[in-house]
Amino acid sequence: MPDAAGTALLELSGVTKSFGRVVVADNLSLRLGAGDIVGIVGPNGAGKTSLFGLIAGDLAPESGVIRLGGAEVTRLDPAARCRLGIGRTYQVPRPFGGMTVFENVLVAVQQGAGLRRRASYAAAVGVLDRTGLSGEANSPAERLGLLQRKRLELARALASGPRLLLLDEVAGGLTDLEVEQLIGVVRSIRTEGIAIIWIEHVVRALTAAVERLLCLAGGSFVGDGTPAAVLADPAVREVFLGTEVTTSLSGPPAAESGREGA
Amino acid sequence: MIWVNAVLQGVLLGGLYALFACGLSLMFGVMKVINLAHGDLAVVAAYTALGVVAVTHLPAVWSFVLVVPIFAALGYVVQRTLIQAALNRSVLTTLLVTFGLSVVIENSLLQFLSANSHSLNIGSLVSDSFSIGSQITIAYLDLAIFVIAVAVLLGLQHFLSATKHGRLIRAVADDREAAQLAGADYRHIFGIAAAIAFATVAFAGLAFGMYSSFDPTIGTDQLLLFAFEAVVIGGLGSLWGTLVGGIMLGVVQQVGAQVSSTDQILAGQLFFLLVLVIRPQGITSRRRTA
């Protein structure tokens, strides 16, 4: 929640973005305090990934303001926002294929977190440990399987030293056991005071980890509250009618292909 | 022995071609820019060396001390302004812009420095040589250029694989957006890659100016073409491939010249076509599974 001074870690106000006639963000407003953990659900094409694009800087809003820690970042490019503390994973992992797992993480540690030499190597090793990738440190990233790629995606985002971490479908396509492990990692990240916004189709993964759940549909939030309250909300149920609120841990693999709306 | 000599001369010449080609390959690999002004830049470097020698009275051989850093700086600036502006529109626009740059450079040189050919005067080094047996003669200059070319390529390989900025160049080349999300300012990295490309082409231009005579039109007529052929023959994306491509082109040209002295360039181009038909991904490239 916003701290006493009233400065939110992340604040979106009146953010609007559309691709032709498709509105992916319709006058969206959102406030998030340091260390908050928020889940976002919504049907395909609701604008979830676009929301991340707007926050991380891949997409420029047509109107509205985005602030991080009180400072406006609306016009900054993704690299600058990353250095200010926004880390993001892609739904379909995008490792630097020709580089080793360690190098992938090192780039983020040195560029995003601004560490140098020994400090950066130590930080990279630390991130690999936490995400369970130590054994793969010297493997070329292109040889990794899906689980390891998802872990690397998380590791690279974490390595940039974020204050706010955007997780896009990190649990999609994983087994129950793998999802359990992932929830453990996410919880440990949160104990460091890193705020998290987590988009996920595997709703049970979300409800196990988040305190606040938002439902996004047609570029607007239709529900905001505790996970139980939001999932019970008739408006939210309406949105999902006939689509997937997956309550099993191992939901269907991410159905959205590529970057939605792009 | 005549043939052995031709092959040997071809290998040495190939080093120079590889030096020409590596900057072209780097710019394409990192920012998907095909720099059509690449050959003209080499010519400008050679003319710049003439100017440097005239002003400072340095021996021509040492002109690289000034010319190469100047070109590196020029590369950074041109990338951050002209080429980046073109890239922001589309990759195709970069073709037009670099083509335009090539035309402007060539005609400016013709206008202000005439169409006369020049060469960098390096005294007796241009003809000094040693012999192996009766039919193999190796010029010190050719050998020196080859050694420098290989050293530059090895240095570049080391830079890309083992340094912080080299790693960034690979990251940006691999996935620009993901690199940005890791905090890397891709425009700056592009600038560094262009600086390296311009520096290597300056090196190549100076070596060429010592090796042969040059005029304003030779950049597009020959140098760009040879660089392209070396890159395509060797296979895009690896410096090792570029060296192999350069050497193969050099050898084919020299062997062709041995058959008939007018067929040197034709032989190279026929070989280039042959590679395109039989192995379009280049000699050293693995076929990539997308």
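Colleague: What share of the contacts in chain A, counting residues at least 6 apart in sequence, joins residues at least 24 apart?

Modeller: The share is 69%. A contact here means that the C-beta atoms of two residues, placed from the backbone, lie within 7 Å. The model is predicted: local features need pLDDT of at least 70, side-chain atom pairs count only at pLDDT 80 or more, and totals for chains, interfaces and linings use all residues. Residues are numbered from 1 along each chain as its sequence is written, while chains are lettered from A and ligands numbered from 1 in the order in which they are written.

Colleague: And what is the figure for chain B?

Modeller: In chain B, 76% of the contacts with a separation of 6 or more are between residues 24 or more positions apart.

Colleague: Which class does B:Pro59 fall into?

Modeller: B:Pro59 has 13 other C-beta atoms within 10 Å, and therefore counts as partly exposed. B:Pro59 lies in the loop between helix 2 (38–56) and helix 3 (64–89) of chain B. B:Ser134 is 75 residues from B:Pro59 in sequence and 33 Å from B:Pro59 in space, C-alpha to C-alpha.

Colleague: How many residues of each chain are buried, as a percentage?

Modeller: In chain A it is 50% of 262 residues, and in chain B it is 50% of 290 residues.

Colleague: How do you know whether the radius of gyration of chain B agrees with that of a compact globule?

Modeller: The radius is taken over C-alpha atoms, and the rule for a globule is 2.2 Å times the number of residues to the power 0.38. For 290 residues that rule comes out near 19 Å; chain B has 19 Å, so the two agree. The C-alpha atoms of chain B fill a box of roughly 60 × 50 × 35 Å along the principal axes.

Colleague: What makes up the secondary structure of each chain?

Modeller: Helices (H or I, at least four residues) and strands (E, at least two) are DSSP runs, numbered from the N terminus. Chain A has nine helices and 10 strands, and chain B has 11 helices and two strands.

Colleague: What makes strand 6 and strand 10 of chain A edge strands?

Modeller: Two strands pair if DSSP finds at least two bridges between them. Six strands of chain A form an open, mixed sheet in the order 6-7-8-3-9-10. Strand 6 (86–88) and strand 10 (220–225) each have a single partner strand, so one side of each has no neighbour in the sheet. Strand 9 (residues 212–217) and strand 10 of chain A are antiparallel, with five bridges.

Colleague: How do you know that strand 4 and strand 5 of chain A pair?

Modeller: Strand 4 (residues 63–68) and strand 5 of chain A share two bridges, in the antiparallel sense. A:Leu68 has A:Ala71 in strand 5 of chain A as its bridge partner. Both strands belong to an open antiparallel sheet of chain A with the order 2-1-4-5.

Colleague: What makes a group of residues a nonpolar core, and which members touch the most others?

Modeller: A nonpolar core is a set of buried Ala, Val, Leu, Ile, Met, Phe, Trp, Tyr and Cys residues joined through C-beta atoms within 7 Å. The largest core has 179 residues, and those touching the most other members include A:Val105, B:Leu16 and B:Phe20. Helix 8 (residues 186–211) of chain B gives this core its largest share, 19 residues. Beyond four places in sequence, the contacts of A:Val105 include A:Ala124, A:Leu128 and A:Ala159.

Colleague: How many residues meet where chain B touches chain A?

Modeller: 17 residues of chain B contact 22 residues of chain A. Helix 6 of chain B contributes the most to the chain B side, six residues.

Key: Buried ≥ 20, exposed ≤ 12 C-beta atoms within 10 Å, placed from the backbone.
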